[in-house]
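This report describes selected structural features of the protein shown below.

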Amino acid sequence: MSHRITLIVLAVTLVLLLGGRFELASAAQPNAELEIQKLTACYALGTDAIGEGNLAGGKEIYRDCFTQDVVITAIFPDGASVTRIGTDGWADFVYSVFQGNGYQATQHLIGTINISVENNQATMTSYLHATHKRSETSIDVANGTYQDEVVNINGRWKIRRRTLKLIDFLNLSSPTANSSITNSRTTNSSTTLVRPNIPRLKE
């Protein structure tokens, strides 16, 4: 009888212990996903700081999003690509693009975020819609997908590799009074679509 009671107590103890572990694991997963999701918002904030001309501020924010040796690649709709290693190198490239195109401000919207976590590594994809203000009547618009490799280092999640695949990069401009007359004869569109200039930095 005592042997049976001992077995029952042991079984109950194992259930409680294992159940507790499972509960901790399932509770930790959403927390990891939330922390990882914050990384792509972090990048958007850093990029928009650079869009306002604050390069130093953008670099500081980037350091919270990425590992020190992060590899970031942008692939443009025409197939051209740019890769930089390290947050400062990428920030300098972004700044050169924004300044080269005369952007006054930018706004990066992130959505459709999908995260998969396995131990201390994760992958994340997210959609990008970015607006770059040239003037009161002209903006450049970019849409694409970020593909990220994320790692947990000393309890902190950071992106170690990011690839941006752009599906478009277009200029939208309000028509002038003269162009409105011309457009009304040729098209129903109220915008002009022009591919922005993307500066190529020397490797």
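In this predicted model, Cys42 and Cys65 are joined by a disulfide, with an S to S distance of 1.9 Å. By the distance rule applied, the count comes to one disulfide. The torsion about the S-S bond of Cys42 and Cys65 is about -80°, and the disulfide is therefore left-handed. Cys42 belongs to helix α1 and Cys65 to helix α2, so the pair ties together parts that are 23 residues apart in sequence.

| Residue | Relative accessibility | Class |
|---|---|---|
| Cys42 | 14% | buried |
| Cys65 | 0% | buried |
| Arg156 | 44% | partly exposed |

Cys42 counts as buried because its value of 14% falls under the 20% cut-off.

Helix α2 also packs against helix α3. Two packed helices are described by the angle between their axes and the distance between the axes. For α2 and α3, the angle is about 140° and the axes are 9 Å apart. This angle makes α2 oblique to α3, since the roughly antiparallel class requires an angle over 145 degrees. The crossing of α2 and α3 is right-handed. On the α2 side, the contact is made by Leu55, Lys59, Tyr62 and Arg63. The α3 side contributes Thr87, Asp88, Trp90, Ala91, Asp92, Val94 and Tyr95.

Which residues are in contact with Tyr62, leaving aside its neighbours within four places in sequence? They are Tyr43, Gly46, Thr47, Ile50, Thr87, Trp90, Ala91 and Val94. Among these, Thr87, Trp90, Ala91 and Val94 are also listed on the α3 side of the helix contact.

Arg156 lies in strand β6. Not counting residues up to four places away in sequence, Arg156 touches Asp64 and Val151. The C-alpha atoms of Arg156 and Glu35 are separated by 8.4 Å, although these residues are 121 residues apart along the chain.

Technical notes: Residues are numbered from 1 along each chain as its sequence is written. This is a predicted model: local features need pLDDT of at least 70, side-chain atom pairs count only at pLDDT 80 or more; totals for chains, interfaces and linings use all residues. Side-chain values use heavy atoms; hydrogens and water are left out. Contact means heavy atoms within 4.5 Å. A disulfide is a pair of cysteine sulfur atoms within 2.5 Å. Helices (H or I, at least four residues) and strands (E, at least two) are DSSP runs, numbered from the N terminus. Buried means under 20% relative accessible area, exposed over 50%, partly exposed in between (1.4 Å probe, protein chains only). Axes are lines fitted to C-alpha atoms, for helices over the stretch in contact, and angles run from 0 to 180 degrees between N-to-C directions. Angles under 35 degrees count as roughly parallel, over 145 as roughly antiparallel, 65 to 115 as roughly perpendicular and the rest as oblique. A crossing is left-handed if the near helix is turned anticlockwise from the far one by less than a right angle, and right-handed if clockwise.
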